[in-house]
Each structure stands twice: as C-alpha cells, then as structure tokens.
Amino acid sequence: MHEDLRGGEAAAARLVQGMPLGEVLDVADPAAWTGLDLGVRTLGCCRTDILPDKAWVDGLGGASGTRGTWADGRWASGWRPEPVDPSSVEALLAVALCHPDGRTREAALARVADRPALLPLVVVRATDWVAPVRDRARDLLRAGLDARTGVALAPLILRIGRRERGAYGVELLGAMLRRAPRGALSSLFLHPDRTVRRFAYRLAVEESLLSPVRFARTAAWDDDVIVQELCAEAALAAVREDGDVDDVLEPLLAARSPRARSAGVTALRRAGRPGRALGFLADRSAVVRACARYVVQQHGTDPLIWYRQVCARAADPALPPGAAIGLAECGERADAETLRSLLSHSAPAVRARAVAGLRTLDVTVVEELRLLIDDPAPGVVREATLALLPSAALLPEAWLTERLSARRPRHVRVAALRLAKAGGRVVRLPVDAERGC
C-alpha cells in the first residue's frame with residue numbers, strides 16, 4: 001500500500017501539470033488506479049489549492065472541455081490552471097475524481113460519461129464513503145460495463161471488491177459476464193492475477209460453462225490451489241458412470257498438484273477402479289497417500305501389508321521413497337526395523353523418508369542418527385537434524401565442533417550449528433570455520 005501511495009503521489013503531481021494519463025499511469029495495473037486515489041488525497045490534504053476543484057470542474061464545457069468560467073477578468077475557480085490543451089483535461093478530471101472534497105468528486109463524475117479512459121476511477125468511486133458520490137458512480141458503472149469493459153476492468157473491480165462497499169461492483173461484474181457470450185471469460189481463465197482466475201472459474205462452475213475434461217485439465221496445470229480445488233470438484237461432479245470418466249481421471253491422476261491428484265485418486269473408488277489407487281500408496285504427497293489408503297481399504301485391501309512387502313525389498317534400487325514414510329504413517333513401532341534397513345539404501349530420497357518414518361513412529365536412536373549427519377545428501381541430513389533436535393543437548397560438543405569445520409560440506413555445517421543452538425550451548429567455531437558458517 002505504501003509503495004502504491006508513493007507512486008500515486010508522483011502520478012497525481014504529474015497529472016496536475018496536465019500530462020496525459022497514458023504517460024503517467026500503467027492503466028492496465030489496478031494498483032496504479034488505487035494508488036492514484038490515495039496519492040491525490042495525500043497530495044491535497046494540506047493544500048487543496050493545488051488541485052482542480054469543483055468550480056473548475058463546473059466550468060468545463062464545449063467540445064474541447066477547456067473553457068473556464070470567468071468573472072471580472074479572473075478565473076472563478078479557486079484553482080487557476082496553466083493553459084491546457086483538450087487532451088490534458090482528461091488528466092485533470094482524473095485528479096478531480098480523487099479530490100478530498102466529495103462535492104468535487106461528484107461534480108467530476110458528471111463529466112466522465114463520454115470518457116471511457118476514466119472508467120477505472122468510476123469503479124473506485126463506486127465504493128466511495130460519500131453516498132451521493134457512490135450512487136452516481138454506480139449508475140455510471142452500470143451503464144458503462146459491458147463484455148469488453150468488464151473483462152478489462154475485472155482485476156480492478158475484484159481488487160476494489162475487498163473494500164467495505166466493494167461487493168456491488170463484483171456482483172455487477174458477475175451478472176454482466178453471465179449474460180455475455182461464453183468467449184468473454186476465455187481471457188480471464190488465463191489471467192496472471194489468481195484472484196481473477198478464481199472469479200472466472202467460479203462463474204464457469206456455477207454456469208457449467210466448461211466440460212468436465214476442461215475442468216480436469218485446468219485442475220492439473222493451474223498453479224493456484226483454489227482453482228485446482230474448484231476445477232477438480234467440478235470435473236468429478238459432472239462425470240456420470242457412462243460418461244468420459246477416463247478423460248477426466250487421467251489428467252487429475254497425472255497432475256503435479258497434490259490436490260488434483262488426491263481428487264483423482266479418491267474418485268477411483270466411485271469409478272470402481274481401486275487397483276489404480278495402489279500405485280499412489282507411495283506418492284510423494286501425504287494427502288495423496290492418505291486418499292489412496294482410503295480407496296484400497298474400502299475395497300478390502302490392507303495398505304499396511306502392501307507397505308511392508310515393498311519396504312522389505314531394501315536392496316531394490318527402484319523402491320519408491322513414499323513407501324517408507326507411508327509405512328510409518330499407518331504402521332506400528334515394530335515396523336521400525338524395516339525402516340532402519342532402508343537407512344543405507346542407495347537412493348537419498350529413500351534414506352530421507354526412512355529417517356522421517358522413524359521420527360513419525362517416535363523410535364529414533366541418537367547414535368544411529370548421528371551417523372546420518374555426515375550423509376552426502378542434504379535431504380537426508382535435514383531429516384536427521386529434525387529427528388535429533390529433541391535430543392540435541394545429548395550430543396557431544398567435540399563432535400559438533402568437528403562438523404562445523406570449513407572442511408565439511410555446507411549442509412553438514414548448517415545442521416551442526418542448528419543442533420548446537422537447539423542444545424542451548426555456545427560452540428566455539430574452529431579457526432577454519434569462521435568464514436564457512
């Protein structure tokens with residue numbers, strides 16, 4: 001907000017000089033408009049005489065909009081502008097629309113009906129704290145909002161919609177887009193602003209504007225968790241038993257997002273395909289593993305047996321890392337021996353998950369985990385460090401000091417320093433470690 005404010009003050013000062021809007025503001029950036037609104041008020045809070053006032057706005061007329069009201073050879077307004085050309089009037093009106101005085105803002109609204117470049121400030125004024133200003137702005141917004149302007153103004157309307165009186169604009173935008181041709185939402189589905197994408201996909205879900213397959217694919221590739229959840233639920237809700245269930249499930253099951261994958265795995269139960277869920281028992285995501293366990297359990301398969309069988313193959317280089325932590329998530333303390341056999345596995349990810357599994361089962365042995373602090377894989381060392389933190393005070397000071405040496409890999413030094421601090425001790429750094437840590 002403070003960055004917007006500083007930029008808004010600078011923009012306001014340039015607009016007062018008559019510089020064109022397009023040269024002063026990034027008109028496509030919602031923050032530029034909200035920043036200008038704040039900036040004008042800040043600029044004029046002590047000296048409103050530097051801003052175009054109501055008398056100046058009332059004096060506008062003619063096609064060019066440059067005629068003022070004169071009396072006895074003087075400008076009737078308290079604010080005397082420099083000579084301005086017609087293109088500068090728009091910039092000055094933008095400042096007047098943000099004026100601290102509500103009467104000036106209301107007067108400026110009467111001059112913007114044929115100036116579409118100022119419609120973003122009409123959006124801002126539609127949440128004005130002065131009722132007459134707010135009501136006039138809402139009338140203008142209702143008249144000026146169509147499929148084209150609605151798509152362009154959506155980011156600003158949704159940004160303003162978070163304000164106390166901002167719901168009106170959001171509701172108006174939604175109602176307009178529901179009536180618009182289906183293609184109007186297309187650009188909003190790909191908008192870089194995630195708030196805009198969420199709004200567009202909520203409308204698409206409510207109005208059933210997209211196919212189940214399109215919803216599933218969106219859930220698989222969109223990077224916003226809310227969009228993922230919205231689209232995954234919509235895709236699965238629209239699928240019928242005799243429909244294209246494969247076309248919907250496959251994108252979800254292959255998605256990078258754990259939310260999308262978990263939705264697809266859960267749907268395997270309804271689709272009567274529990275066998276596919278077995279492949280997700282060792283997923284890298286805990287929520288996906290939990291969903292897979294639920295599905296296979298509902299069809300009479302004990303996931304614990306599967307985990308034990310897979311983890312018993314300690315020499316298997318293809319052993320999935322998620323199997324180790326999955327065994328701990330649903331296993332017993334007796335399964336700790338199976339996990340210990342994986343601490344020397346050739347794959348660093350398996351070793352790291354085995355350590356995490358021992359910590360989950362609360363069966364960690366300090367001496368055993370100390371050896372892993374020297375592991376060449378940073379991920380293994382991080383997990384071992386987490387497991388040793390509760391017992392950090394028991395670790396020998398000389399052992400920690402040795403691992404703070406600059407000769408040690410950085411991830412080992414970081415682990416040793418973290419363990420030393422957790423143990424409440426001040427460890428003297430070796431001479432060669434003063435630059436390394």
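The largest share of the lining of the largest pocket comes from α9, which gives six residues. The model is a predicted one.

**The largest pocket**

- The volume of the largest pocket is about 480 Å³.
- It is lined by 25 residues, and the closest to its centre are Pro116, Leu119, Pro120, Thr149 and Leu153.
- Sorted by class, the pocket lining holds 19 nonpolar residues, two polar residues and four charged residues.

**The cavity**

- Rolling a probe the size of a water molecule over the atoms shows where empty space is left.
- One cavity of 30 Å³ or more turns up in a search of the whole structure.
- The largest cavity has a volume of about 50 Å³.
- Its lining includes Val123, Leu141, Ile157, Arg165 and Tyr168.
- Glycines also line the largest cavity, among them Gly161, Gly166 and Gly169.
- At least two lining residues come from α9, and at least two come from α10 (167-179).
- By class, six residues of the cavity lining are nonpolar, four are polar and one is charged.

**The nonpolar core**

- The largest nonpolar core has 134 residues.
- Leu36, Leu121, Leu177, Val265 and Ile373 touch the most other members of this core.
- Take Leu177: leaving aside its neighbours within four places in sequence, Leu177 is in contact with Val151, Ala184, Leu185, Leu188, Phe199 and Leu203.

**Helix α14**

- Helix α14 runs over residues 225-238, which makes 14 residues.
- At 1.5 Å a residue, α14 should span 20 Å.
- Buried residues in α14 are Val227, Gln228, Cys231, Ala232, Ala234, Ala235 and Leu236.
- These buried residues pack against α12 (194-207), α13 (212-221), α15 (245-253) and α16 (258-270).

**Pro321 in helix α20**

- Pro321 sits in helix α20, residues 321-330.
- Pro321 counts as partly exposed because its relative accessibility is 29%, and partly exposed lies between under 20% for buried and over 50% for exposed.
- Leaving aside its neighbours within four places in sequence, Pro321 is in contact with Ala349, Val350 and Arg353.
- Pro321 and Ala282 are 39 residues apart in sequence, yet their C-alpha atoms are 7.0 Å apart in space.

Conventions. Residues are numbered from 1 along each chain as its sequence is written. This is a predicted model: local features need pLDDT of at least 70, side-chain atom pairs count only at pLDDT 80 or more; totals for chains, interfaces and linings use all residues. Side-chain values use heavy atoms; hydrogens and water are left out. A nonpolar core is a set of buried Ala, Val, Leu, Ile, Met, Phe, Trp, Tyr and Cys residues joined through side-chain atoms within 4.5 Å. Buried means under 20% relative accessible area, exposed over 50%, partly exposed in between (1.4 Å probe, protein chains only). Contact means heavy atoms within 4.5 Å. On a 1 Å grid over the protein atoms alone, a cavity is a set of points where a 1.4 Å probe fits but cannot get out, and a pocket is an open set with protein on both sides within 12 Å along at least five of seven lines; lining residues have an atom within 4 Å of a point. Grid points are joined across faces, edges and corners, and a volume is the space filled by probe spheres set on the points. Helices (H or I, at least four residues) and strands (E, at least two) are DSSP runs, numbered from the N terminus. Ala, Val, Leu, Ile, Met, Phe, Trp, Tyr, Cys and Pro count as nonpolar, Asp, Glu, Lys and Arg as charged, and the others, Gly among them, as polar. The expected span of a helix is 1.5 Å times one less than its number of residues.
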